[in-house]
Structures are given as structure tokens and as C-alpha cells.
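Dear colleague,

Please find below the structure that I am handing over to you, with its sequence. My notes on what was found in it follow directly after.

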Amino acid sequence: MNKIRTYSLDYYNQRVITRIMDKYNFSEMEAVRAFLLSETHRMLEDPECAMWEFGERSLFEIWEVEKVTGDPRNSEHIRSEVECPKK
């Protein structure tokens, strides 16, 4: 499987980070850090997870589930859709 293309990853990063800033009133740096250091982002970069198939809104919701529960796999999106190993 191929790694997610850089322009696709940039698109998701920008969109999800903007949503984090808007909803949680984070500064840009806080939002960048919160998303790029998350398990959700690691899974987005992992070709085995195929998370690029989700829309930006779903990825944001998965990140929120991770923020609340500590594990993005608790998201209803992942439970039924994604086979992604823990690392």
C-alpha cells in the first residue's frame, strides 16, 4: 500500500486543525500540536488504516473521541470501518 500523499495529508491537517481552533478556541500552535501528536494523526499517516477515506469532519470527530476517551478506536467510525493496529 502507498503512503498517503503529501498534498492529501496537508489538506487534512489544515482542515482538522482549523476545526480544533474554531471549536476549542485553541491557538494555531496548540491545535497543530494537539492534532499532529495525536494517535488519530498517526493512524492517518499509516497506509494500513486507510483513514484518508474519511472526510475531514469524520477525522475531526475521531480526534475528539481520542481527546475524550484516550483512544480514537472508540469512535463509531473506526469500530465499524477501520482495521488499524495499535502502535
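This is a predicted model: local features need pLDDT of at least 70, side-chain atom pairs count only at pLDDT 80 or more; totals for chains, interfaces and linings use all residues.

The structure holds 4 aromatic pairs; here, rings of Phe, Tyr and Trp (its six-membered ring) pair if their centres lie within 6.5 Å, and planes under 30 degrees apart count as stacked, over 60 as edge-to-face and the rest as tilted. In one of them, the ring centres of Tyr-24 and Phe-26 are 5.8 Å apart and the planes stand at 45°, so this pair is tilted. In another, the rings of Tyr-24 and Trp-63 have centres 5.7 Å apart and planes at 70°, which makes the pair edge-to-face. Since Tyr-24 lies in helix α1 and Trp-63 in helix α4, this second pair ties together parts that are 39 residues apart in sequence. Tyr-24, Phe-26, Phe-60 and Trp-63 form one aromatic cluster.

Residues are numbered from 1 along each chain as its sequence is written, and side-chain values use heavy atoms, with hydrogens and water left out.

How exposed are the members of the cluster? Buried means under 20% relative accessible area, exposed over 50%, and partly exposed in between (1.4 Å probe, protein chains only). Tyr-24 is partly exposed at 26%, and Phe-26 is partly exposed at 24%. Trp-63, with a relative accessibility of 4%, counts as buried.

The overall layout

The secondary structure of the chain comes to 5 helices and 0 strands; helices (H or I, at least four residues) and strands (E, at least two) are DSSP runs, numbered from the N terminus. The chain has 87 residues, of which 44% count as buried. Among contacts in the chain with a separation of 6 or more, residues 24 or more positions apart account for 57%, where contact means heavy atoms within 4.5 Å.

Helix α1

Helix α1 covers residues 6–24, and at 1.5 Å a residue its 19 residues should span 27 Å; the end C-alpha atoms are 26 Å apart, which agrees. The expected span is 1.5 Å times one less than the number of residues. Buried in α1 are Leu-9, Tyr-12, Asn-13, Val-16, Ile-17 and Ile-20. They cover an arc of only 120° around the axis, which puts them on the same side of α1; the arc is that of the directions from the helix axis to the C-beta atoms. An α-helix has 3.6 residues a turn, so residues three or four places apart point the same way. On the other side of α1, Tyr-7, Gln-14 and Asp-22 are exposed. The cover over the buried residues of α1 includes α2 (28–36), α3 (39–45) and α4 (56–69).

The nonpolar core

A nonpolar core is a set of buried Ala, Val, Leu, Ile, Met, Phe, Trp, Tyr and Cys residues joined through side-chain atoms within 4.5 Å. The largest one has 18 residues, and those with the most contacts inside it are Ile-20, Phe-35, Leu-44, Met-51 and Leu-59. Two or more residues of this core come from each of α1, α2, α3 and α4, and the largest share, 5 residues, comes from α1. Not counting residues up to four places away in sequence, Phe-35 touches Tyr-12, Asn-13, Val-16, Ile-17, Ile-20, Thr-40, His-41, Leu-44 and Trp-63. One of these, His-41, is placed in helix α3 and counts as buried at 4% relative accessibility. Apart from neighbours within four places in sequence, His-41 is in contact with Leu-9, Asn-13, Phe-35 and Leu-36.

Two residues with positive phi

Asn-25 follows α1 and is found in the loop between α1 and α2. Its phi is near 55°, a positive value in a residue other than glycine, and Asn-25 is exposed, with a relative accessible area of 68%. Ala-50, in the loop between α3 and α4, has a positive phi near 50° and is likewise a residue other than glycine. Ala-50 is buried, at 16% relative accessible area. Ala-50 and Cys-84 are 34 residues apart in sequence, with their C-alpha atoms 8.3 Å apart in space.

With kind regards
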